[in-house]
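I opened this structure today and kept notes as I went. The entries follow the order in which I looked things up.

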Amino acid sequence: MRNSSADGGLLLYIILLTLLVLVSVSALLIGFTPLPVGDTLAALFGIGDDEKIQLIVQEIRLPRTLMGLLVGASLGMAGAALQGLLRNPLADPGVIGISSSAGLGAVIAIYYGYAASFYLAVPSFAMAGALAAIVLLYVLSRRDTSVLTLILVGVGINALSGALISLSMSLAPNPFSLADMVLWLLGSLANRSYTDVSLALPFILIGVVLMASSDRSLRALSLGEDVAATLGVNLMRTRLLIVLGSALAVGASVAVSGTIGFIGLVTPHLIRPFVKYDPARLLIPSALAGAVLITFADIMVRLLPTDREMKLGVLTALVGTPFFLYLVIKTRRNTR
Amino acid sequence: MTSLRLENVSVSLGQDPVLNTVSLEAKPGELTVICGPNGAGKSTLLRAITGILPLRAGAIYWGDTKLSDLATHETGKHVAYLPQGQVIHWPLNVESIVRLGRRSYLQPFAKQTAEDEAAVDTALEKTGMTAFRSRPISQLSGGECARALLARLLASDASVYLIDEPLAALDPYYQMSVLEVLKQCATEGKCVVTVVHDLSIARRYFDTAYLLKDGQVLQHGPAESVLSPDAIKQAYDIDVEITNRGGIETVART
């Protein structure tokens, strides 16, 4: 009985890692241009003799797949960590206003035409937007140990960024920049290069480590803030780790992929029954599952027979919402 | 003898003074009850002892140790706290909740030790929850849940147990079973400080009583003499009679 939880955990990891390998390989094999499987795998390791295939696999599909894994892991873990910290199953990276302020940064870069003049303008501005939101969040909620203040300030920042995004759109200098803003906000992994990957990677890594280091405090927080404090949890430190960690990881993800909804909200709900609802053991499996889900969704947008490739954020929201409603109804029934 | 001592403790919530120069001594081996009308400052008193609330004045000692001098995880080894209406935010199983009681002993990155395991087992046993250890808390009845939460407290093996109204919403059977667990803790030398609303239970089952009103100690001493009709009238504005078995029956509002 004692060790059954550990064994169950191991099985979950084996399943998630297997899925991760499967979707990653599929993502490399499936694309706009059909390629032979053998040549594709050879090209991946640089041993093929067709330079065109090598170019497609190494310069287009591989960075896109890596990007998907990183973004998915960030969103999945940030969702799990924030739901644990705020003890609210509806929390997601959007709730503290990070996604929308990163979006605002990107929209500003497009509005002023910086996007056209240098390649990294959009992701850099988006990172700056996310960082500005963290500073604002910290300054406005640092005096209060209650997470309710944190949620309310986050909702405020979210609304403000949303309003400023709308303002930029309504004042857009021309229809092309308006279209750019809208399409960018919808979220996509198409045409991402190693430059994008290397821009986001350090922030995502730091963010993930910060979030993962708060796991034990999250478990104690199941008993509420007062009791967690008497058990030796440093509430302010835990909050700082999770808010800063999720802001770095999600800010960097939004910076390179736009806003991709519902992965952060849904993934923890999907995993929770397999870790016995333990918010501490939820973090890493949620990161793995988020990576699997995004990569899978990104394969789907390539396979769907639409004229132009459907935006990834649109697909995750379309599929994610009904699935989320199903989960809500099902778990409500079970726990009542 | 080592005991829990509050010396002239004052606490404010925001600008409002809630406790005013409260002094209290709770001895190991005794069941100490804190009574008083709603808003008298009972819960604030317990939260002040845990160190969650800062003191405006005064000091709290465990023996010669001033509690406010300790790091938070050290305080947890001396003082364990169970709030009123404890909510568990996720349907964790009983065992993982009880294990949380050992958190103050946990070294960074270390696993739980054999000592921790033993404390968890003992706590489950004392509260009669061993058979429920792998059940999710959401599937327990109110009485079972109360005992599981009590087991979390006991697992800490702290010297002082602070328990805020553990009997509310329990049927008489579970009230008795919780009281028996508390009594056993006291017998083992723990210092048990409990807020209880039921004056009959407070008078009949507890050794020492502190009667609070408006943030001050009105009376203190042996529960039987403190909870007298006169003192209760003064604190609660009600007329009561002592029944044959030593319980308290409310007669009328004054």
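**Entry 1: a covered helix.** I started with α13(A), where A:I263, A:G264, A:L265, A:V266, A:T267, A:P268, A:H269 and A:I271 are buried. Buried means that 20 or more other C-beta atoms, placed from the backbone, lie within 10 Å of the residue's own; 12 or fewer is exposed, and in between is partly exposed. This helix runs over residues 263–271 of chain A and is mostly covered, with 8 of its 9 residues buried. I took helices as DSSP runs of H or I with at least four residues, and strands as runs of E with at least two, numbered from the N terminus.

**Entry 2: ground rules.** I noted that the model is predicted, that local features need pLDDT of at least 70 and side-chain atom pairs pLDDT 80 or more, while totals for chains, interfaces and linings use all residues. Residues count from 1 along each chain as its sequence is written, and chains are lettered from A and ligands numbered from 1 in the order written.

**Entry 3: chain A overall.** I counted secondary structure in chain A and got 15 helices and 0 strands. Of its 336 residues, 49% count as buried. The C-alpha trace spans about 65 × 55 × 35 Å along its principal axes. I then checked the radius of gyration, taken over C-alpha atoms, against the globule rule of 2.2 Å times the number of residues to the power 0.38. A compact globule of 336 residues would come near 20 Å, and chain A agrees because it has 20 Å.

**Entry 4: a helix pair.** How do α6(A) and α12(A) cross? The axes of α6 (residues 121–141) and α12 (residues 235–257) of chain A come within 8 Å and cross at roughly 155°. I used lines fitted to C-alpha atoms over the stretch in contact, with angles from 0 to 180 degrees between N-to-C directions. That makes α6(A) roughly antiparallel to α12(A), a label for angles over 145 degrees. I listed the meeting residues: among them are A:A126, A:A130 and A:I134 in α6(A), and A:V243, A:A247 and A:G251 in α12(A). Contact means C-beta atoms, placed from the backbone, within 7 Å. The residues of this contact divide into 15 nonpolar, 1 polar and no charged. Nonpolar covers Ala, Val, Leu, Ile, Met, Phe, Trp, Tyr, Cys and Pro; charged covers Asp, Glu, Lys and Arg; the others, Gly among them, are polar.

**Entry 5: between chains.** I found 23 residues of chain B in contact with 19 residues of chain A. The largest share of chain B's side, 3 residues, comes from α2(B).

Notes
Angles under 35 degrees count as roughly parallel, over 145 as roughly antiparallel, 65 to 115 as roughly perpendicular and the rest as oblique. Two residues are in contact if their C-beta atoms, placed from the backbone, lie within 7 Å.
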